Amino acid sequence: MRIGALFLTLAIVELSWLHALSPLEHRLSDWFVRQQAQSLKPDADIVIVDIDDSSLARMQESAGSWPWPRSVHGEMVRGIARQHPKAIVFDILFSERDEFRPDSDREFNRSLQGVSNVYFPMVRRDAEMDRQGAPASQVADLLGLQRTDHADEDAHIAILPPLAVDPAHWRTGTINFVQDSDGVGRRYQLYNDAHGWLIPSLPARVAKDLGYAVPQQPDLILAWRGAPGSFQHVSYADLYEDFNREHPQRAADELKGKIVIIGTAATGLHDVRVTPMASLYPGMEILATAIDDLKNGRMMRQADEGFAVGISLLMLGLLSIAFMRGVNALKVGLVLLAVTLLLLLGSYWAVAQLLLLPVLSPLLLAWSCYFVFALQEYLRERKSREQAVQMFSRFVNPHVVQELVAHGGLSRAGESRQITILFSDIRGFTTLSEKRTPQQVVDLLNRYFTLQVEVVFRHGGSLDKFIGDCIMAFWGAPLDDPDHARHAVEAALEMGRVLQRFKHELGEEDAAFDVGIGIHTGPAVVGLIGSDQRREYTAIGDTVNLGSRIEGLTKGVSRILVSRETKDACGDAFEFKSFGSFKVKGREQEVELFAPVEKGGKQE
């Protein structure tokens, strides 16, 4: 509950104020936009006259190094104007007069006379410089400023106009690059509000003059079409050279009815920007895209902020409910994965419909919430499992419990294995029980069994069961133990030492309390045996029966007796004292028995 509330609060803070995930959201939407744009073609009526690297090289002799004399552009304007284009739009600043070639500027201005559809860019300077700018009311008509109801009549506006151009030819608009917080330009300014005066951008000015609808809003989100370089390009040098030929080779009406943008993508002039389409996108193609969007009435729309908040709260709420009701985390994850795919596909489809749906931030919040819930469930489950193992290990062989928990069952539920079986039975129990109350007898047995079972487990044995006052244990199953015989004898010897300490606790009155331990090694069937209602992991077979018989022969002979098979399996780990052969019920051959002695020690 607290996790759900925490993430609901986090979602509201992130999506309404923090916006820390916005860069990731932008990257995803940029990728969608880029993929969608690949299959689209820009408006064929927009043509770019490109001052490319080839033009700079080829016009070195006729125009010199960049910047060229503006008379060159004058010749270009006259040549293009003869083909009657809709507009000639410069993406080159003319903000400074050419002090060294004033005749060139005059020639350029003479070329503009009688041409009423040439547009020039200007730059809106930092608002902090407005006091140094021109009075807005005086330059409003020249620059195409729009007066609003709250326009400050005394305001000054810092603008860098095309000073090299005669004001009579000023048809201007700003070309300021607008970038988001991550440095990527996704928008184009339409109008800049300066003290109540709206400064039109160059695309807005061109579109308005050509009769296209221009939304009265600060900017538009660009709807890109085609990869970089998809607009029709004509090399500046090709066009310039053709205009100056006695017999032009190019079509005389190739620019008729077109919107011609004159700009540069030359490598050395660095007119490139970061956009969703490319990290080095030509500035003149950004301008072309903005004009294309206004001409064709297409622009991207951003979904309302409430969409991201709403979908986040919905997903986080459903996740909280699912985990509170104990729905399996894997199922919840699969559903969330399906929702993720649907939202991503929906967002991709929406981009094709010119709508940006912010789905990544809600999805990241939802997945973060999911993983925190899942981690909490995992830790809770792990703690519960550890408690279960601890609890069941008091009653069931710990090795069996571990394998059941780890694999949901025993990997080898029934098989014949070589094991060593141990039986330990109390001597004198009847006498001892006669002197105690039933509760005292139970407490005594529990204390004794606890001590002995600890020894069995410490030496890697499996506790099979308690048979009255007898302990049955074996080694070699369910876990592999190539030294099962040695470990069983080591356990028997320690059980003898533990018995001595236990007898010391009982006192002299119960000095007759003793045990007999029989050990035998051989094949046995081990596995979970029992009914559908109750099963236990146990060993059955002749090896088990003989182990029990050997325990029965210890009385009056030795506290611990092992068969020859066990002695041989122990190798030289112990010394053994032979007690000869004994007749065992149910077996034709006598059984040779030995008492183990720790090397350097004495027989138990």
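Modeller: **The aromatic rings**

Both Phe-108 and Phe-120 are buried, where buried means under 20% relative accessible area, exposed means over 50%, and partly exposed lies in between (1.4 Å probe, protein chains only). This is a predicted model, in which local features need pLDDT of at least 70 and side-chain atom pairs count only at pLDDT 80 or more, while totals for chains, interfaces and linings use all residues. Residues are numbered from 1 along each chain as its sequence is written, and side-chain values use heavy atoms, with hydrogens and water left out.

A pair of aromatic rings is described by the distance of the centres and the angle of the planes. Here the rings of Phe, Tyr and Trp (its six-membered ring) pair if their centres lie within 6.5 Å, and planes under 30 degrees apart count as stacked, over 60 as edge-to-face and the rest as tilted. The structure holds 24 aromatic pairs. One of them joins Phe-108 and Phe-120 in an edge-to-face arrangement, with 6.1 Å centre to centre and 85° between the planes. Phe-108 lies in helix 6 (residues 102-112) and Phe-120 in strand 3 (residues 118-124), so this pair ties together parts that are 12 residues apart in sequence. Helices (H or I, at least four residues) and strands (E, at least two) are DSSP runs, numbered from the N terminus.

Phe-474 and Tyr-537 form an aromatic pair that is tilted, with 6.1 Å centre to centre and 40° between the planes. This pair links distant parts of the chain, for Phe-474 is in strand 21 (residues 470-475) and Tyr-537 in strand 23 (residues 535-540), 63 residues apart. Phe-474 counts as buried because its relative accessibility is 0%, and Tyr-537 is buried as well, with a relative accessible area of 6%.

Aromatic rings also gather in a group: Phe-323, Trp-367, Tyr-370, Phe-371 and Phe-373 form one aromatic cluster.

Finally, a ring may have a charge over it, which is counted if NZ of Lys or CZ of Arg is within 6 Å of the ring centre and within 35 degrees of the ring normal. The charged end of Arg-82 sits in this way over the ring of Phe-243, 5.9 Å from the ring centre, and the charged end of Lys-567 sits over the ring of Phe-594, 5.3 Å from the centre of that ring.
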